[in-house]
Amino acid sequence: MKIQILYILGMKDKNLSLEGYCGPQDRAERPLRSLIPLDHFKTLMGIDDREDGIARHCLEAASFAIEGYCRRKMMARKHNEVLRYEGERIFPLKEYPLREVLGVWLYRDGEEMGILEPDYWHTIPDDGLALGDADVPAVLVVSHGVRLLHGIDTLHVHYKAGYQRKEIEPDLGSACLELAMWNYTRVRGKKTGVVSTGSTTGAGRGRQAYSGVPVEKFEASMPENVRLLLEPYRRKMI
């Protein structure tokens with residue numbers, strides 16, 4: 001019975017391995033990691049091509065700050081997640097909305113045992129649903145048959161989750177735009193979001209704190225209106 005199940009689930013094969021599937025990272029120029037398009041931001045801000053570098057920096061800083069505030073990866077990307085297996089069937093996946101499960105691999109004592117065929121697992125909600133129906137954490141449900149494979153202790157799940165840029169909700173896009181504009185204003189030296197930490201009183205750090213020159217730094221936060229726009233997208237912590 002065990003031999004038959006192993007054959008059905010997929011014996012170890014270098015062509016099916018997780019390492020082989022992921023492959024080396026493309027060394028081409030890294031694409032822009034932003035929740036909104038670069039051209040849209042440049043048009044609204046009146047930025048020309050000479051400031052592409054600043055615009056890209058502001059957009060990426062805003063997008064990653066939003067991910068940090070929401071405690072989740074917002075932009076669509078691939079994820080590798082290792083799930084401890086002790087006989088249970090239901091495994092919550094960390095990132096969402098789930099777009100596609102690319103493969104589930106079985107491991108025993110750190111050694112890959114094979115790929116788990118799609119007939120032996122499914123997700124709730126199903127991957128590929130419209131974002132409005134699937135913007136909640138998904139769970140992976142595996143078959144009872146996996147228990148018959150002695151010693152399996154982890155599942156390695158390779159999946160894609162997050163928002164495609166063309167599907168970004170208006171309020172999420174607005175939050176990214178507002179924060180990127182805030183970043184751009186600070187970078188251009190217009191003092192928005194800059195706070196003073198003191199001067200000769202010793203507050204702050206370094207020589208400036210004692211030179212009579214106020215020590216200034218960027219405010220380590222984000223505008224209140226941006227936080228309000230992001231509240232519906234924050235990961236709920238229990």
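Let's start with Y85, which counts as buried at 6% relative accessibility. By buried I mean under 20% relative accessible area, by exposed over 50%, and by partly exposed anything in between, with a 1.4 Å probe and protein chains only. F91 is buried too, with a relative accessible area of 4%.

Before I go on, this is a predicted model, where local features need pLDDT of at least 70 and side-chain atom pairs count only at pLDDT 80 or more, while totals for chains, interfaces and linings use all residues. Residues are numbered from 1 along each chain as its sequence is written, and side-chain values use heavy atoms, with hydrogens and water left out.

Back to the rings. I pair rings of Phe, Tyr and Trp (the six-membered ring for Trp) if their centres lie within 6.5 Å; planes under 30 degrees apart are stacked, over 60 edge-to-face, and the rest tilted. The count by that rule comes to three aromatic pairs. One of them is Y85 with F91, a tilted pair at 6.2 Å centre to centre and 35 degrees between the planes. Then there's Y163 with Y233: the centres are 6.4 Å apart and the planes sit at 75 degrees, so this pair is edge-to-face. What does that pair tie together? Y163 lies in the loop between strand 7 (154–161) and helix 6, and Y233 in the segment after helix 7, so the pair links parts that are 70 residues apart in sequence. Y163 counts as buried at 4% relative accessibility, and Y233 is buried with a relative accessible area of 7%.

Now the sheet, which F91 leads us into. In strand 6, the bridge partner of F91 is L140. Strands count as paired if DSSP finds at least two bridges between them. Strand 2, residues 90–92, pairs with strand 6 in the antiparallel sense over three bridges. Strand 5, residues 121–124, runs antiparallel to strand 6 and is joined to strand 6 by four bridges. Over there, H122 has V141 in strand 6 as its bridge partner, and T123 stands opposite L140.

Put together, that's an open sheet of three strands in the order 2-6-5, with antiparallel pairing. Strands 2 and 5 are the edge strands, each pairing on one side only. From one strand to the next, the twist averages 25 degrees; the axes are lines fitted to C-alpha atoms (for helices, over the stretch in contact), with angles from 0 to 180 degrees between N-to-C directions.

How are the two faces of strand 6 placed, covered or open? Both are covered: V139 and V141 on one side and L140 and V142 on the other are all buried. As a reminder, side chains in a regular strand alternate between the two faces of the sheet.

On to helix 6. This one covers residues 170–187, 18 residues in total, and reaches 25 Å from its first C-alpha to its last, close to the 26 Å expected at 1.5 Å a residue. That expected span is 1.5 Å times one less than the number of residues. Quite a list of residues is buried in helix 6, among them L172, C176, L179, W182 and R186. After the helix comes G189, whose phi is positive, near 80 degrees.

Last topic, charges. There are 10 salt bridges in the structure, counted where a side-chain nitrogen of Lys or Arg is within 4 Å of a carboxyl oxygen of Asp or Glu. Take E51 and R188, which meet at 3.2 Å, N to O. E51 lies in the loop between helix 3 (38–45) and helix 4 (52–70), and R188 in the loop between helix 6 and strand 8 (194–196), so this pair ties together parts 137 residues apart in sequence. E51 counts as buried at 17% relative accessibility, while R188 is partly exposed at 41%.

K42, in helix 3, meets D49 in a salt bridge at 2.6 Å, N to O. K42 is buried at 8% relative accessible area, whereas D49 counts as exposed at 58%. K42, D49 and D52 are linked in a network of salt bridges. Leaving aside neighbours within four places in sequence, K42 is in contact (heavy atoms within 4.5 Å) with residues including I47, D48 and A55.

Finally, R227 and E224 form a salt bridge at 2.4 Å, N to O. These two are three residues apart in helix 7, residues 224–230, and are separated by about one helical turn. Both are partly exposed: R227 at 22% and E224 at 44%.
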